[in-house]
Amino acid sequence: MIKDFNSKVTPFGGIYLIHDLLISNGIIQFINEQLVDRGPKCIYKFSDLLLPRIYTTFCGGSATEDINYLRDNTLNNLRSISIPSADTILRGDVELSTPCEIIEGKTTIKGQKINVNTLMNKFLLASAIKFKQLDPNASDLIYDFDHQFIPTKKSDAEYSYKKTEGYFPGVATIGNIPVYIEGRNGNCHVKTAQLETHKRALELLASKGVKLRYARMDCGSYIKEVTDYFHQEGILFSIRASHSNVLLSKASKTDNWSCCEINNQAYEVNSFKYEFGQYTHRIIAYRKPNKSNQMSLITNDAKSYQFIVTNDWDITEEQAIIFYNQRGASEKVFDIQNNDFNWKSMPHSNLEENTVYLIIMAVAHILYRYIISKFADLVDGLKTTSRLKAFIFRFVTVAAKITKSGRRVIVHLATNNKKLIKSTKAG
């Protein structure tokens, strides 16, 4: 038999624990200090616009409009914030957006659109530091940079070499956490104005006292001006070098190849000096038999070659290859952002506002990493590496009854996990 229960009940009781944890760490003041003041006439502060959207994601919502459902039965009972409608939250993205820069390309009919939002990127980096996902005093920080193509049918999305329309943001990560994001349209070549992007990212990191030791990038950063810049900054870089007849010829004529095994794959490895830009760097070359067994006219062998350019002369060839291949772990960030934090479901029609959204969802990722580090040991089946879906299932979806006593909202969680209750005061 099913009966009505004459009391407010929510299936997302874990949100109250999350909110109390963040409140105790000054999240509201932090957001409102980092972002511009909306002025005395605005009913909602930026903390009121950002937190409900992030909490909706933590409840499994994938669209901004899902806030309208959660507002009445869950979010309206959270202390110290007001919950606006989805439309009001979307207008906040417009306020935080900045105009795009148009770069005329030689190979494209339409200009290549890049969106640089300094305010939001400062907020992103400050969030990573405040919530202990980035230690600015660490001496071995690794900067990974890549572009992530996001298919979308937005009104200003352009056709890409990926053979569909979309956006192509550039993303810098440290320790698998996004620390800098620039919006780019689908027709924007990965090498377009990339040096300027790196300069902006590194200048922002330096402003927070973050000093990089290493940088890893794919062949989109195989640009003389980029390697010159990182070398001048004293950063050890590893960049995938694009194939060229010069490199292939030089590698095939090099002696002293040695054998090694990397990820159960046998390679021959070698290295040699190579002038690129203003400096002489080092090429790490590695090869293996090609699948077709066809001889190359350039190398006079039936082998496939790969190259890494680096300014690190101390690392062994094997170590250099393993280090570069660890970029694969950093690329997992894109899978997490797309599927856990809804990058694939951008809410706006324009790149300007969608860049704001991408950065807010990167902040959500940072907050999630902080939250799960506090609660993982208190809940069976959760680890600090758990994805958001597991966290929602095991932590957020705890039934809670909401009652009021005087002016106090009291949250009764339907759990017998005493450690979880004691970890923070709900309500």
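Visitor: Before we start, what do buried and exposed mean here?
Guide: Buried means under 20% relative accessible area, exposed means over 50%, and partly exposed is in between, with a 1.4 Å probe and protein chains only. This is a predicted model, where local features need pLDDT of at least 70, side-chain atom pairs count only at pLDDT 80 or more, and totals for chains, interfaces and linings use all residues. Residues are numbered from 1 along each chain as its sequence is written, and side-chain values use heavy atoms, with hydrogens and water left out.

Visitor: OK. Is asparagine 256 buried or exposed?
Guide: Exposed, because its relative accessibility is 72%.

Visitor: Where is asparagine 256?
Guide: Asparagine 256 sits in the loop between helix H9 (245–252) and strand E12 (258–262). Helices (H or I, at least four residues) and strands (E, at least two) are DSSP runs, numbered from the N terminus.

Visitor: What is the phi of asparagine 256?
Guide: Positive, about 65 degrees, although asparagine 256 is not a glycine. Most residues other than glycine have a negative phi.

Visitor: And what about asparagine 264?
Guide: Asparagine 264 also has a positive phi of about 65 degrees and is not a glycine. Its loop runs between E12 and E13. Asparagine 264 counts as exposed because its relative accessibility is 73%.

Visitor: How far is glutamate 268 from asparagine 256?
Guide: They are 9.7 Å apart in space, C-alpha to C-alpha, and twelve residues apart in sequence. Glutamate 268 belongs to strand E13.

Visitor: Which residues does glutamate 268 touch?
Guide: Leaving out residues up to four places away in sequence, glutamate 268 touches Trp257, Ser258, Cys259, Ala285, Tyr286, Arg287 and Lys303. Contact means heavy atoms within 4.5 Å.

Visitor: New topic. Which residues of helix H8 are buried?
Guide: In H8 (residues 224–232), they are Val226, Thr227, Asp228, Tyr229 and Phe230. These buried residues pack against H7 and several strands, including E4 (142–147), E10 (214–217) and E13 (265–276).

Visitor: What follows H8?
Guide: Glycine 234, whose phi is positive, near 75 degrees.

Visitor: Back to H7. Is serine 207 in it buried or exposed?
Guide: Serine 207 is exposed, with a relative accessible area of 53%. H7 covers residues 194–207.

Visitor: How are H1 and H12 packed?
Guide: Helix H1 (residues 14–24) and helix H12 (residues 351–375) pack at an angle of about 105 degrees, with axes 11 Å apart. That makes H1 roughly perpendicular to H12, a label for angles of 65 to 115 degrees, with under 35 roughly parallel, over 145 roughly antiparallel and the rest oblique. Axes are lines fitted to C-alpha atoms, for helices over the stretch in contact, and angles run from 0 to 180 degrees between N-to-C directions.

Visitor: Which residues make that contact?
Guide: H1 gives Leu17, Ile18, Leu21 and Leu22, and H12 gives Leu367, Tyr370, Ile371, Lys374 and Phe375.

Visitor: Last one. What is the volume of the largest pocket?
Guide: About 260 Å³. A pocket here is an open set of points on a 1 Å grid over the protein atoms alone, where a 1.4 Å probe fits, with protein on both sides within 12 Å along at least five of seven lines, and lining residues have an atom within 4 Å of a point. A volume is the space filled by probe spheres set on the points.

Visitor: What lines the largest pocket?
Guide: There are 14 lining residues, and Lys332, Ile336, His365, Arg369 and Thr385 lie nearest the centre. The largest share, four residues, comes from H11.
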